[in-house]
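Good morning, colleagues. Please take a moment with the sequence and the model before I describe them.

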Amino acid sequence: MKAKTNYSVLLAETTAKGSLAIFAGAVLFLGGFVTWSAAGALSGIVSLFN
């Protein structure tokens, strides 16, 4: 019974770490996309004024 409890805790921790990793990856991806979009918009505005 104790081994089953340990397995459940391990599974919960692994799931939490996996979710955190996915969340961190999504945040990094969105951050990169927003930065890339802002850079594209900025260069577009600069070329408009030139």
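I begin with the surface: the accessible surface of the protein comes to about 4600 Å², and 79% of that belongs to carbon and sulfur atoms. These areas come from the Shrake-Rupley method with a 1.4 Å probe; for residues, only the protein chains shown count as cover. Of the 50 residues, 0% count as buried, where buried means under 20% relative accessible area, exposed over 50%, and partly exposed in between.

Two remarks on the basis of these values. The model is predicted, so local features need pLDDT of at least 70 and side-chain atom pairs count only at pLDDT 80 or more, while totals for chains, interfaces and linings use all residues. Residues are numbered from 1 along each chain as its sequence is written, and side-chain values use heavy atoms, with hydrogens and water left out.

Next, the fold. The secondary structure comes to 1 helix and 0 strands, taken as DSSP runs numbered from the N terminus (helices: H or I, at least four residues; strands: E, at least two). The radius of gyration is 22 Å, well over the 10 Å of the globule rule for 50 residues, so the protein is more spread out than a compact globule. That radius is taken over C-alpha atoms, and the rule is 2.2 Å times the number of residues to the power 0.38. Along the principal axes, the C-alpha atoms fill a box of roughly 75 × 5 × 5 Å.

Finally, the side chains. Phe33 and Trp36 both lie in helix 1 (residues 2–49), 3 residues apart, about one turn of the helix. At 45% relative accessibility Phe33 counts as partly exposed, whereas Trp36, at 62%, counts as exposed.

Notes: Buried < 20%, exposed > 50% of the residue type's maximum accessible area, 1.4 Å probe, protein only.
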